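Q: I would like a close look at the aromatic side chains of this protein. Please keep to what the model shows.

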Amino acid sequence: MVRTPAGYEAFEGRQRKIVALFCFMLSSAIVGSIMVYVDSYSMENWKSSNDVGPASLVATGRGIDSEINNFREIAGITKAASFRGRTSYLVSNTYGLTWLANTFGIESNEEFLEAFPTVFVLTEGHFPTNDSEVAISTLIAYRLYVGLGDQVNYSFSNMAPIVGSTQVAIVSGIFKHGESGYTNSLFYTRANAIFHTLEHDSSDSSYIYADVDRSRIVAYDPMGALRFLNRIDEDIKRLDITYARGSDTSQYSVVNLLSDSIESYMAYLTDLRTSQVFRTGGIVLLELAVIYLAINHIWNEREFETSMLVARGASQTRVNILVNTEITATAILSILPGFAIGIAFSRFALASDGFFRIDSQKLLTEPLLITYDSLIFSIVAGIGLPLLVLVMYQLKGLLRIPAIDVRGRVAKLTKALGFIKWDMAILSLSAAFLVAFNMEGTVITQNPFLFSLLGVLPYTLFFAMTSLALKGLKRGAIKLSNVCGIIVGDIPASVGIRRISRATASSGPLILVLVLAMSLGWNCAINDATLPYTRLNQSRFAIGGDLAFHLDTDESAQWDSFIGNLTNSIPSSSGTLIDILSLSLSTGTEGLFDFIAINPEEYSRVGYDSVGNKLNESKLSALMDQLSITEFGAIITQDIAEQYDLSNEGILRAFWRNATELEALEFSIIGVVGALPDTLTFESEYDSYYETPWTYKVGLGKVWVNIDDVDTIFSEVQDIDTVFCMRVGNQSSAIQTAEEFLNNGWMDVLKNQEWASAFLEVEVYTGQDIYSLDRSTDTLMTVVSIGVIFGAFVVYAVEGIKSRKREIALLRSLGAEKNLIIKVQTSEMLVLLLVSVILLGLFTPILSVNSLLSAVRTYGGVSYIYPSPITILTPWLPMGIILSFFILCTIVFISLIALLSSRVDLSEALNSTWTESGPYTEGF
C-alpha cells in the first residue's frame, strides 16, 4: 500500500493555508461589504415601495366580478372584493344656479366596504340604503355646492338635466378617499359617487381589488417576491377560459401595484450597486494584488516539493492540478468567513455621517439587510477573483522571453526600449484618453460606457507607472544600492535592495498595494473636503454673495427698512444693492447682455470670485478700485470681448430704447476678465422645456458698471432687477436668522419670494442620497484597505522568510551582528517605501482630479457650467493621519521581521535541503 506523500494534498501546510485563506477571504469581504451596505441603505426605499395601500393589485375586465369566488381561491391572495360602476352625471340646483359634475359612480358593495374600509371613509351620514339615496365625495360636494340631506339629480346617459332622463336622490353621506396620499391614488380615488344599485348594461366596468400574502414579500429576496406576484397575475388572467386554452391575450387585465413598485425598487437598487461597485474598483485591484501575492507564495512554498514529484516521474500537468486544487479549495473555504467579515465592514459605512465620521451608536442600531444577491455576489467574487488571478499567473509562466546577448550602445538602447515599450504605450494612451475624456465633460458623463471607461483609465495609467518603476528598480539595483550604502552601509544596502530586484514578483504587488491604498485614502479625504468647498465657492459666485434677495420694485418704499432690519439681525454682515439690466450691444434686438450696476467699494466687501476668494482680496480688487474712479468705466467678460472684437481701453456701446427713441451709452473698457460673479443663478428663469437638455455658463455675458454713473438712466427703465447681496460671518446662524426674518412679514418685499443662500445650496448638495452613499462607501473602502494592507505585508513577510533566514545565517556565520541584520531589513523596506512615495506623488493628483471632475458632474454640475469646475482643498490632517498609518505599518513590519529573522539556527538554515529526507520516506 502506497502512502499519500505528506505535504502534497490540499489540506497540509497549516501556515501556508492560513495566510492564503486570509488573503482570499478579503475577496468575498470586499464585495460582500459593498453589497450588504447598499442593500441595507436601500431599506427606506424598500419600505416606501411596499407601502402601496390596502390593495396590492387591481384586476379589471368585463364581468370579472362574477369570478370573485375563483379569484379568492388563487394561491397567495388573502382578501378580495369587487365593485361595478359606470360613468355618472350629477346635477344640483343651488343658489338659483345649475351645477354639473361628471364622475365615476359605483354600486354599493358591503363586502368591498368591509374588506377595504379605508378606501371610502365617511365624514358625515351613511352609505345609501335604497335607490333614493346617494353618497358623494367631498370633491363632488364642493363642486355641486351641496351637503348632507340636499337633493341631487343623476343620470347615466348625459349631463343635461333633461326631464325624464334624470333620477332624484338625497345625499345620505359624504365621504373622503382615505388612501388618496399614495402615489397610485388613482385606483383609490376612482369613484366619487356611491349608489345603492345601478341599472347594469354593456357600459359597466367591473373591478376586483385584492391583497396578497405580504409575508412572501421580503427585502432579502425581491426577485422571489416578484416571481410570486407575477405568478398571481398569470393565474388571474387564466380565469379567462380562452386565455387558459392558449390564447395570446386575456380579457382580464391586472394592475399589480406591488410588483410595479418592486420593479422600480430593483432598478433603483441596481443603479446603486453599479455605481458603488465602479467606485470601489481601486479596492478590487488592491485585492487582486494581494491574491497574486498569496498564489505566488503557495507556488514558491511548494516549489521544492513539486520539483521532487516531477523528478520522480510525475507529469507537470498533474502537479499543477495538485497545487491548483489547494488554491481552489482555500478560496472556497474563505467565502463564508470572508462574507462575515464583509458584514462587519459594512457597519462602518452604515454608521458614517461623512467620510470617516463614525456615529458609534449607529454601529449597532442601523438596520441590516442581507440579501440572496449579496451572498451570491460574494460567492462569485470569493471564487472568481482567485481563479482569475490563478489563470493570469499560469499564463505568465508560459511566457518565456529568450535572452539575447547584445553588445554596443545602440543594441543596449534598443533592448532597453523594447523592454519598456508596452508600458510606455499604455502610459501614453491612458494619459491621452484621460485628458480627452475630461475635456469632453457632459458628453462623457452622460454615456454609461465612456463614463465607466473614464473611471478605469487612471488605474491603467498607474499599472504602467508601477511596471516602469519596478523595471527600473530591477535594472538599477546595483546603482541604487551604492547610493543607499551611504545611509545604511554597503552590506545592508547590497543585500536588502538587491533582494527586492530579485523578488519583484513579491515586491511589485506590495508596492502596488501600498501606493493604491494610500492614493485611495488620500483621494477619499480630498473628495470629502473639496466637494462641499467647491460647491460653496460656486454658489457664492452664482448668487453674488453669501445671501441674495430679489427685491420687488413695487415695494421699494420698504427697502430701507428691510435692509436695515436684516443687517441688524445678522451679526458681522455687510450688504449692497445691485441693479441688473439687459442691454443690447447692437442697434437691433439681438446681442443682449447683463449690465450689472454696482458700488465697487461696497461690493468688494460682499462678493466672491470664481474660486472663492473675497473680491477685496482677489485679482479683481485692482479693477474694482479703478472702476470706482473711472467715469463711465466698464469691466467686461472675455466672451463679450471675443464676440465683438473688444479690448482693454476700448469703447463699449450699449443701446436701450426709451419712450420715444433708441439711445446709446458709451463706456470705457478698463478690464477684460474670464468671468464675473453672477446673481441668483439658481432661480427658475433658467428652466427649460421638459426633458430638454440645457446648460448655463455661470459668470459669462456680464458687464460691470459703476452704479453712480448709470443710476439716473437705470431709474427710467421699468424692467430692471434689483438684488440685495450680503456677506455674513457665521453662515449657519445667518441662514436661520434670515428665514425667521422673512417669515415674520418681510417675504412680501421680495419679488416672487426669490432669495438664495450659498450655505443652503451646500446643504442640499451634500444631502443628496448619492452623495451620502459615496462618502459612506469611501469610509468603507478605507477600512477595507487596512485589511488588504495587512494581508499584503503578511504574505510578503512569510513568503521570503526562508530566503531571509539563509541570508541572515550566512551573515551571522561571517560575524555580522544583530544591528547589521536589522539594517538589512530596514534598507529593503525603506526602498519599497521610497518607491511607493514617489509613485504616490505622481498618481494621487491624477486620481483625485479625475474623480473630482466626475463627482461634480454626478452631483448636479451638468446644467450649470462654472469657470472653475473644482477648487481643490487639501485636508492635511486626514492625509497626514493616513500617511502616518502606512508608515507605522512599515515600521512594525520591519521590527517584526528583523526580530523573527534574526533568531536563526545556523546549522538548520545552512544545511542542504537535498540531504534531508524527501517526501517519500516510508520504507527507508
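How many aromatic pairs does the count come to, and how are the rings placed?

A: The model is a predicted one, and the count of aromatic pairs in it comes to 32. One of them joins F116 and Y209, whose ring centres are 6.4 Å apart. Their planes stand at 65 degrees, and since planes over 60 degrees apart count as edge-to-face, the F116 and Y209 pair is edge-to-face. This pair links distant parts of the chain, 93 residues apart. F116 sits in the loop between helix 4 (110-115) and strand 4 (120-125), while Y209 belongs to strand 9, residues 205-212. Both F116 and Y209 are buried.

F156 is found in the loop between strand 6 (151-155) and strand 7 (167-177), and F195 in strand 8 (residues 191-195), so the pair ties together parts 39 residues apart in sequence. Buried means under 20% relative accessible area, so F156 counts as buried at 18% relative accessibility. F195 is buried too, with a relative accessible area of 1%.

F116 and Y209 also belong to one aromatic cluster. Its members are F83, F104, F112, F116, F120, F175, Y188, Y207 and Y209.

Another ring, that of Y608, has charged side chains over its face. R540 lies over the face of Y608 at 4.3 Å from the ring centre. R727 also lies over the face of Y608, at 5.0 Å from the ring centre.

V380 has its place in helix 14, which covers residues 372-398. Exposed means over 50% relative accessible area, so V380, with a relative accessible area of 52%, is exposed.

A search of the whole structure finds zero disulfides. Among the cysteines, C524 is buried, with a relative accessible area of 4%, and C725 is buried, with a relative accessible area of 0%.

The residues of the F116 and Y209 pair are buried, as are F156 and F195.

Conventions. Residues numbered from 1 in each chain as written. Predicted model: local features only at pLDDT ≥ 70, side-chain atom pairs only at ≥ 80, totals over all residues. Heavy atoms only, no water. Helix = DSSP H or I, 4+ residues; strand = E, 2+ residues; numbered from the N terminus. Buried < 20%, exposed > 50% of the residue type's maximum accessible area, 1.4 Å probe, protein only. Phe/Tyr/Trp six-rings, centres within 6.5 Å; stacked < 30°, edge-to-face > 60°. Lys NZ or Arg CZ within 6 Å of the ring centre and 35° of its normal. Disulfide = S-S within 2.5 Å.
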